[in-house]
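Work through the following exercises with the sequence and the model side by side, and try each task before reading its solution.

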Amino acid sequence: MRKRWHWIPLLLLFIHFLLRLGFWWYNQAEFAGLNAHERYQSLIEGFQQDLVSIVLVNIPTLLLLGIMAWLPSFRFQRPLLYGARGWFVLGNCFAVAFNCVDIGYYRFGRHRANLDLQYVLRDSIPSFKSLLFGYWYLVILFLLLVSLIVWMAKQLPESEPPGYRDRRVYLIFRQGILVLALLVTMGWIGGGRPVMPSTPLLSLPPSALALAQNSLLTWAYSCFHRSHELAPVHYFSDSTAYRLAPGVHQLASPPQPRKKNVVLFILESFSRCYVMPGDAYKAKTPFLDSLLGKSLFFPHSFANGFSSNQGIVAILGGIPALMDEPFFYSEYANTPIHSLGNILQEQGYSTNFFMGAGNNHFGFGTFAHMTGIEHSYWREDFDNDRLYDGNWGIFDEPFLQYGGRVLSMQQQPFLGVFFTISAHPPYTIPPALRQRFATPGQSAAQRAIAYVDYSLREFFAANQDKPWFRNTLFVFCADHWLSPSDGRTPFSPVNICTIPIFIYDPSHEERDWRPTVAGQVDVVPTVLDRLGYRGTYTGFGRSLLDTAVADSDRYVINRIGETYQIIDKDYVLGYDLTRDGPSYLYHYPADSACRNNLLGLPSAAYQQRLRRLERLLRANIQSYRAALTKREFR
């Protein structure tokens, strides 16, 4: 009985179609704003992306089978067959694995898989067990699809059909499929340009892009595009670009610096909604609520990155995430940084980084050292795994207490940077405290946020009578936004990067809420300004205390997949660099769901704002790429 190998391409397309439907269903809240036409068009565009992915994966298999068919007497026929089947299984399982992972991971990264995913997965090995149990349904789905792929591999033909005419038709058909697929891939059929992850943007809004993409294709493009990702651009003369988006800034504070300690809390997954009074997703955070009532708070704050390894670079280094690979793993990691740790060391500060995860988790110790932070403390230094959460590291409350004891033994002034971990999925809370935070109606994420609030309260309670406490600036900033776990929050290029940033000074308690647009890159210059530092620093942030910068001139830059965006107090502009043109312009204060794209409208006000934001965004891209490729901020 002849094996039905000619059904295999259709089965592969069907598998990818099912994975796309699964991606859509699991993340349906993220695409709630799409109309019926956009959803239908996403599936059409997705078919082309899937076809390209399948072709790329199976080219070696088709070539090996082709050699077998044209050279039937070749003595290595059996090894070629085994090689074709082996590659078929491995390659297609690899493609399916990426798409399965993205079904669950999309809510965290807000984009399909890229180069960054390999670093995330590598550093998530200690929590592998919790990931398996937390996403058991995806594991089962993957195993079922692997079984189907193995069955398909067994259907690959062992030899050519017996008759000459059958063999000729057989070869023409097989090689025709390969040629046709390659033509589609290269864009010579169906569009006139090579198919890339951003190709769907030609007919879809950015909010639908991830629904149309294939995860293997986005990952492969990110890897091969790596060497070109920071290719220099020349929108302006160098002097104009550096004037519009400088990478080196001068602070002109009072001449006598204030030798205050600095304790910076980088709050894992603290979306602004969890701490914002009146928000539907507000968690029970009585301690942070009390601090916000006597702090300098920026309620219009946005993240410059969408993952922890991007957030820490923006917060401590002043560098937004405008490439796929984490900065400290990239070839540009030798770019000199003059930021918070370096500067405070020069001022005689002891500099310290605290994280309850394993040594150099996610490479954070490496980056902390790059920014001038001399000492790092980890789970190994805590040396008591009875308080290990079983996933990421030591629970926040005991580890913060440990950090407080370490700081209390140091001479002033000092810098202490704490990276919390307990608000990260799977949101583990110490067994003895689970009932305390089991508030009805609160999600697992909200309960974990409440536990971190409790941990911070205990840290402050244990140290408020220490000699260093009142001489300390306490700075709070989230590493990134994370979607509320109920799945009801719709996608918006603005709401997916909202975070809290605030500063509490025990010696100057005053409620000061400012409407200024703030970003993670603004944290270091603001702290240095508050300390009275006079000198230069590197990065793309500006002090939020600098009254010479009008609120209308402040903005935040970040990147979602292939779309670069800039947010000011009134508008958000998305820019597609592959097409070298804007993708969207939303007036988000009046259009919170960002559904009314203002591009193309004749209004002079819209066109003026579009030109201004486009000019600033291009200048930032040019300055950013020049700084990294030349290894010099200017």
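A charge is said to sit over a ring if NZ of Lys or CZ of Arg is within 6 Å of the ring centre and within 35 degrees of the ring normal. Keep in mind throughout that the model is a predicted one.

**Exercise 1. Charges over rings**

Task: Find which ring the charged end of Arg112 sits over, and then find the ring whose face Arg511 lies over.

Solution: Begin with Arg112, whose charged end sits over the ring of Phe23, at 3.8 Å from the centre of that ring. Then turn to Arg511, which lies over the face of Trp513, with 3.9 Å to the ring centre.

**Exercise 2. Two aromatic pairs**

Task: Decide whether the rings of Phe354 and Phe418 are stacked or edge-to-face, and do likewise for the rings of Phe460 and Phe469.

Solution: The structure holds 50 aromatic pairs, and two of them are examined here. For Phe354 and Phe418, the ring centres are 4.5 Å apart and the planes meet at 10°; because planes under 30 degrees apart count as stacked, this pair is stacked. The pair also links distant parts of the chain, since Phe354 belongs to strand β4 (residues 350–355) and Phe418 to strand β6 (residues 414–419), 64 residues apart. Phe354 is buried, with a relative accessible area of 1%, and Phe418 is likewise buried at 1%.

For Phe460 and Phe469, the ring centres are 5.8 Å apart and the planes stand at 85°; because planes over 60 degrees apart count as edge-to-face, this pair is edge-to-face. Phe460 is buried at 4% relative accessible area, and Phe469 is buried at 6%.

**Exercise 3. Salt bridges and what they connect**

Task: Locate the partners in the salt bridges of Arg530 with Asp505, Arg609 with Asp570 and Glu614 with Arg618, and state which parts of the chain they come from.

Solution: There are 18 salt bridges in the structure. In the bridge between Arg530 and Asp505, the closest N and O atoms are 3.7 Å apart. Arg530 lies in helix α18 (residues 523–530), whereas Asp505 lies in the loop between β8 (498–504) and β9 (512–513), so this bridge ties together parts that are 25 residues apart in sequence. Both partners, Arg530 and Asp505, are buried. The side chain of Asp505 is also joined to that of Ser507 by a polar contact of 2.7 Å.

Next, Arg609 forms a salt bridge with Asp570, again with the closest N and O atoms at 3.7 Å. Arg609 is in helix α19 (residues 604–629) and Asp570 in the loop between β13 (563–567) and β14 (572–576), so the parts tied together here are 39 residues apart in sequence. Arg609 is partly exposed at 23% relative accessible area, while Asp570, at 18%, is buried, because the cut-off for buried is under 20%.

Finally, the side chains of Glu614 and Arg618 meet in a salt bridge of 3.6 Å, N to O. These two residues both lie in helix α19, four residues apart, which is about one turn of the helix. Salt bridges that share partners also join Asp553, Asp568, Lys569, Asp570, Arg609 and Arg612 into one network.

Terms used. Residues are numbered from 1 along each chain as its sequence is written. This is a predicted model: local features need pLDDT of at least 70, side-chain atom pairs count only at pLDDT 80 or more; totals for chains, interfaces and linings use all residues. Side-chain values use heavy atoms; hydrogens and water are left out. Rings of Phe, Tyr and Trp (its six-membered ring) pair if their centres lie within 6.5 Å; planes under 30 degrees apart count as stacked, over 60 as edge-to-face and the rest as tilted. Buried means under 20% relative accessible area, exposed over 50%, partly exposed in between (1.4 Å probe, protein chains only). A salt bridge is a side-chain nitrogen of Lys or Arg within 4 Å of a carboxyl oxygen of Asp or Glu. A polar contact is a pair of N or O atoms within 3.5 Å; within protein, one must be able to donate a hydrogen and the other to accept it, and residues adjacent in sequence count only if both atoms are side-chain atoms.
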